[in-house]
Amino acid sequence: MYVLDTLLHRLRRGCETMRWPEGPAPSLPDRHGGALRLDPARCADGCTACVPVCPTEAITRPGPAPARLDLGRCVFCGECVRACPTGALRHTGDARLAARRREDLVLGGTDGAETVRLAGALEEKLRRLFGRSLRLRQVSAGGCNACEADTNVLGTIGWDLGRFGIQFVASPRHADGLLITGPVSEGMELALRKTWEAVPEPRLVIAVGACAIAGGPFVGHPQVRNGAAAVVPVDLFIPGCPPHPLTILDGLLRLLGRLETPAAGA
Amino acid sequence: MNAADAFRPLSNASAVPWAEVPERPIETLVDATATALEAGARLCAWFGVPEGDAVRVVAVLARDAENALAVARSRPVRGAYPALTLRQTQAHLFERELWEQHGLEPRGHPWLKPVRRARDGAPVQGPFFQVEGPEVHEVGVGPVHAGIIEPGHFRFQCAGEEVLHLEIALGYQHRGVEEALTGGPHRATWAQIETVAGDTTLGHATAHALVLEALAGSEAPLRAQWLRALALELERLANHTGDLGALANDVAFQPTSAACGKIRGDFLNLTALVCGNRFGRGLVRAGGCRHDLEPDRLAQLRERLETALAEVERAAGWLWDAALARARFEQVGVVSPAQAVEIGLVGVAARACGLVRDARFDQPCGWSRLAQLPVAVWPGGDVLARARVRALEIQHSGGYLREQLAQGPDDAVRAEPGSPAPEHLAVALVEGWRGEICHVALTGADGRFRRYKIVDPSFHNWTGLALALRGTAISDFPICNKSFNLSYCGFDL
C-alpha cells in the first residue's frame with residue numbers, strides 16, 4: 001500500500017522546503033557557535049593563551065600586535081574561545097562565513113577586521129551568466145566526506161538547491177565551475193587540474209571547508225597541497241569543518257548576488 | 001609450539017607492555033597467524049614497526065568466540081618473508097600496505113601493488129588485471145565520479161553487460177594520517193582523527209580515546225562511556241538512513257529517497273544538539289566527553305529522536321512494500337558467506353552474508369559491556385540483504401537509544417585520563433556504522449606514539465565490493481556500490 005501511503009504522506013506534510021532566504025533561516029544548534037569574532041582591543045598584552053590550543057595553528061601572535069585568527073584554517077572547535085581570558089575571542093552565532101578573498105578571512109593582527117568580510121556578488125557580466133543558472137561539478141580532493149555530505153544535503157527536500165537554479169552535474173563539460181573539498185591530496189592534484197581544464201570558460205571555483213581553503217587538519221603534510229588555491233584560482237572560500245549547510249548555501253547565494261538582505265542566522 | 005602460545009591475549013581497549021608481546025621469527029609468526037585464522041580468528045591488523053633499518057611485523061587477531069584479542073610480533077625483518085596471503089586471503093591488502101610502507105616484500109604475494117602512494121599528482125597504480133578475449137572490453141570509471149562522492153578508480157573487465165572482474169584502485173585521498181600521528185599526540189591529532197573518515201567521526205574518535213585511556217591505564221567515567229555509546233548509535237542512524245535513501249534513489253524510488261535524505265539530516269542535527277557539530281566533532285576526548293547531556297537537552301533529544309525514528313520506519317516500509325524497488329535489489333551483487341569469511345568482511349557487509357560479526361557484541365568494551373543490542377543479521381549477501389541489515393540496525397539502535405536515554409549514569413562526563421605509559425601497545429575495536437574500526441598504538445620510551453595504525457572497516461570491505469560485481473551487470477554497479485557505501489579517505493588515510 002505504499003502508493004497510497006506515500007501520496008497521503010506527501011499531502012499531509014505539504015512542502016517541507018525551508019522558506020529561507022525569503023523567510024527565517026534555520027537556527028544553528030546552540031553549541032555550534034557559528035562564526036568567530038576577534039576583538040583586538042581586548043587582547044591582553046603578551047597573552048598567548050589561544051595560540052597553543054588551536055589544532056590547525058590558525059591563531060598566531062608573534063609580536064606585540066593583537067592575535068591574528070585565520071578563519072580559513074579554523075576548524076571551529078572553539079578551544080580558543082574557551083582559552084581566551086578576556087573575551088577577545090567569541091562566537092557570534094552567525095552562520096555567514098563565505099568570503100571572496102582569502103585575506104578577508106583573517107581577523108585581528110595589525111590590519112585584520114573583527115569579523116569576516118563577507119563575500120560580495122560576482123561582477124555584473126558573470127552574474128548575468130550564472131545568477132539564475134549555475135551548474136557545478138564537485139571534486140573531492142582528499143576530503144573526509146563531511147564537507148561532501150553537507151554539500152550533498154543541499155539537494156534534499158529541506159534545502160532544495162534546485163529552486164535557486166544551482167545544480168551539481170556529472171561532467172565538467174556541463175559545468176560552470178567546480179566546488180572543491182579536501183586539502184588537495186597529491187593523488188588528486190592531476191585529476192583536479194584536468195577537471196578544471198575541462199570546464200568551459202568563464203568558470204568559477206568554490207573552496208568548501210578548512211581543508212580546501214588551507215589544508216585544514218592536514219596543513220603542512222607532504223602528501224597535500226594545503227588547499228585548492230595551490231592548484232586552481234579560487235573565487236569563493238567557505239570556511240568550516242565542515243561548514244554548516246546554511247553556511248554553504250549562504251555563500252553560493254551571496255556569490256550569485258541573490259542575498260540582498262543579511263538574513264542567514266543573523 | 002601451538003598457535004595459541006604464539007599470541008598474547010588481551011581484551012578490547014586494553015594495553016600490554018611491548019616487551020610482553022611475544023616475539024617470533026617472521027616465518028613462525030606467519031605460520032601461527034595462518035593457523036589461528038584457519039581456526040576461526042580474524043585478522044584485525046598486520047603492520048610494521050620500524051626498528052633501526054629493519055621492521056617488526058605486528059599481528060592483531062580477534063578471537064570473537066572468546067571475546068578476546070590476541071597480539072604477537074616478529075623479530076626484526078629485512079628484505080622479504082613468506083607471504084601470509086598465500087594461506088589467508090584476508091591478509092592481501094595488509095601485506096601490500098606493509099610492502100609499500102616499509103619495503104618488506106611478502107614473497108609469493110599474487111598481486112603486489114602499491115596501495116596509496118602517489119607520484120606526479122596521481123596514485124602509483126601499476127598494471128591492472130586484464131581479461132583477454134574477443135568479446136571482452138574494459139571500462140574505467142573515476143577518479144572523479146558523477147556526483148558528490150569521494151574519488152577512486154574502478155576498472156571493469158566486461159563481456160557485454162556482465163562484469164567478469166573489477167579491480168578497485170584507491171589512494172587518491174591519501175593525506176598521510178598515520179605518518180603524521182607518529183611522534184604524537186600532537187595539537188592537530190584530534191582534528192586528524194576526527195577526519196580520518198568524516199562520516200565516522202564518532203567511531204574513530206571513540207577508538208582513539210579508548211587507545212589513549214588504555215595506554216594511561218584509565219577509563220573514562222561511566223557517563224562519558226554512556227554518552228559515547230549514544231553518539232555512536234546516532235552516527236549509525238544518520239548514515240544508515242542516508243544509505244537507504246541513496247539505494248532508493250539509485251532505483252528511482254523517490255518516496256523513500258526524498259524522505260530519508262531529510263531524516264538523515266534530522267539525525268545529524270541530533271548529534272549537533274549534543275555537541276554543536278553535525279558529525280560529532282569535538283565531542284569525544286581522552287578521559288571522556290567535552291559536552292554533557294543536561295536534562296533539558298536530553299528531553300529534547302528524546303522527543304526529536306522519536307519523530308525521526310517513526311519517519312524512517314515508515315520510509316523504509318515503502319521500500320520493502322514496493323516490489324519494483326525490491327526486485328532491483330534481490331540477487332544483485334551477491335557475496336557468499338564463504339567469500340565473506342575468506343576476505344575478512346566486517347560490519348554491515350559481513351552481517352548481510354549471515355555472519356554474526358559485530359564488535360559491540362564480540363569484543364565489548366566501554367558501555368557495550370553493560371548494555372548491548374542484538375546483532376542484526378540477514379542472509380543472502382545481496383544488495384537487499386545489505387539494505388535489510390541497515391534497516392534492522394536502525395530499529396535496534398533506535399530501541400537502544402530509547403532504553404539508554406531513559407536512564408544514564410550520573411557521574412562526571414570527563415576525568416583526567418593520565419599520560420600514556422611508555423613502551424606499551426594498546427588496541428581498540430569500535431563497531432562504527434560501516435563495521436569494525438581498529439586503532440593500534442605503540443608508545444616509545446617517551447610515551448609518545450612510535451607507531452599508530454588505523455584500520456577503517458573499508459580496508460577490509462572494498463574487496464567485498466569487487467567480488468560482488470563478478471557476474472553482475474555493470475549497470476548495477478551504482479546500487480552495489482551504494483549497498484556497501486565504503487569510505488575512500490578511511491581506506492587511503
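The model is predicted: local features need pLDDT of at least 70, side-chain atom pairs count only at pLDDT 80 or more, and totals for chains, interfaces and linings use all residues. Residues are numbered from 1 along each chain as its sequence is written, while chains are lettered from A and ligands numbered from 1 in the order in which they are written.

**Stop 1: chains A and B.** Select both chains. Here 50 residues of chain A are in contact with 50 residues of chain B (contact: C-beta atoms, placed from the backbone, within 7 Å). Now pick out helix H5 (186–198) of chain A. H5(A) gives seven residues, the largest share of the side of chain A that touches chain B. Helices (H or I, at least four residues) and strands (E, at least two) are DSSP runs, numbered from the N terminus.

**Stop 2: two helices in chain B.** Select H6 (residues 222–250) and H15 (residues 477–484) of chain B. They pack at about 175°, with axes 9 Å apart. Axes are lines fitted to C-alpha atoms, for helices over the stretch in contact, and angles run from 0 to 180 degrees between N-to-C directions. That makes H6(B) roughly antiparallel to H15(B) (over 145 degrees). Show the side chains of Asp243(B) and Leu247(B), which are among the H6(B) residues that meet H15(B).

**Stop 3: a sheet in chain B.** Select E11, E12 and E13 of chain B, an open sheet with antiparallel pairing in that order. Strands pair if DSSP finds at least two bridges between them. E11(B) and E13(B) stand at the edges, each with a single partner strand, so one side of each lacks a neighbour in the sheet. Six bridges join E11(B) to E12(B). Finish at Val141(B), which stands opposite Phe154(B) in E12(B).

Notes
Contact = placed C-beta atoms within 7 Å. Parallel < 35°, antiparallel > 145°, perpendicular 65-115°, else oblique.
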